[in-house]
Amino acid sequence: MDDPTKTSITLPPSSLPKDRELTEEYWKENMPEGHTYEKVWKIFYAFDHDLNGTVVMCELADALRCCGLYVSQKEVYKLRVKLGLEHDRVLNFSQFCKFLAIRKKDSIERLTKAFKRFDKDNSGFIDTNELRRCLTSMGEALTRRQVDDMLSGLDINADGMVDFQEFVTYMRE
């Protein structure tokens with residue numbers, strides 16, 4: 001079993017089968033740990049706006065976040081380089097699944113660090129108003145809609161505060 005405190009990268013791309021072997025049937029049987037074929041398929045096709053079986057690279061980070069991988073654009077670019085896709089503009093379902101195979105969901109250790117970054121007073125809670133301000137103004141700022149969607153799933157009991165368990169549950173879903 002994987003040690004959840006280890007790095008986010010689970011395996012090198014070279015350990016995956018050749019592209020021609022990565023069929024829909026392969027992914028149905030070999031979806032990366034923590035993901036189901038049905039959920040990943042739905043997420044992928046939600047981002048396939050023109051229904052041609054591809055997702056544009058500029059939306060990859062958002063699609064990966066929907067799969068529970070909270071990645072920055074910088075991290076996505078590093079993953080693209082690892083997979084040899086740094087010059088591609090679109091990716092297909094199999095390539096999308098490769099991203100899930102080489103980048104596992106965040107470990108408890110990483111989630112704890114992230115939570116503590118927002119829990120300024122060490123109370124064990126994150127104020128959703130403060131979280132909203134941070135997410136819309138710092139680093140790779142999220143849009144108001146992205147933050148609204150995130151907070152609706154994050155603050156489960158709608159008390160304006162997010163405790164560690166709510167945070168972990170949301171991030172690992």
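Leaving aside its neighbours within four places in sequence, with which residues is V76 in contact? In this predicted model, V76 is in contact with L60, A61, L64, V71 and F99, where contact means heavy atoms within 4.5 Å.

## Basis of the model

This is a predicted model in which local features need pLDDT of at least 70 and side-chain atom pairs count only at pLDDT 80 or more, while totals for chains, interfaces and linings use all residues. Residues are numbered from 1 along each chain as its sequence is written, and side-chain values use heavy atoms, with hydrogens and water left out.

The chain has a mean pLDDT of 80, with 84% of its residues at 70 or more; pLDDT is the predictor's confidence in each residue, from 0 to 100. Across residues 1-11 the pLDDT is below 50, and this stretch has 27 contacts in the model beyond near neighbours in sequence.

V76 lies in helix α4; helices (H or I, at least four residues) and strands (E, at least two) are DSSP runs, numbered from the N terminus. With a relative accessible area of 2%, V76 is buried. The term buried denotes under 20% relative accessible area, exposed over 50%, and partly exposed the range in between (1.4 Å probe, protein chains only). V76 and F99 are separated by 23 residues in sequence and by 8.8 Å in space, C-alpha to C-alpha.

A nonpolar core is a set of buried Ala, Val, Leu, Ile, Met, Phe, Trp, Tyr and Cys residues joined through side-chain atoms within 4.5 Å. The largest such core has 29 residues, of which W27, L60, L64, F93, F96 and F99 touch the most other members. Helices α2, α3 (60-66), α4 (73-82) and α5 each contribute at least two residues to this core, and the largest share, 7 residues, comes from α5. Apart from this core lies another, of 15 residues, among them L111, L135, V168 and M171. L64 is in contact with L69, V71, V76, F96, F99 and L100, leaving aside neighbours within four places in sequence.

The structure holds 9 aromatic pairs. Rings of Phe, Tyr and Trp (its six-membered ring) pair if their centres lie within 6.5 Å; planes under 30 degrees apart count as stacked, over 60 as edge-to-face and the rest as tilted. Y37 and F93 form an edge-to-face pair, at 5.6 Å centre to centre and 80 degrees between the planes. This pair links distant parts of the chain, with Y37 in helix α2 (residues 37-46) and F93 in helix α5 (residues 93-102), 56 residues apart. Y37 is buried at 9% relative accessibility, and F93 is buried with a relative accessible area of 9%.

The ring centres of F44 and F96 are 5.6 Å apart and their planes lie at 50 degrees, so this pair is tilted. Because F44 lies in α2 and F96 in α5, the pair ties together parts that are 52 residues apart in sequence. F44 is buried, at 0% relative accessible area, as is F96, at 1%. One aromatic cluster is formed by Y37, W41, F44, Y45, F93 and F96.

In helix α6 (residues 108-118), the buried residues are L111, A114 and F115. They cover an arc of only 100 degrees around the axis, which places them on the same side of α6; the arc is that of the directions from the helix axis to the C-beta atoms. The buried residues of α6 pack against β3 (125-127), β4 (161-163) and α9 (164-172). K113, K116 and R117 are exposed on the other side of α6.
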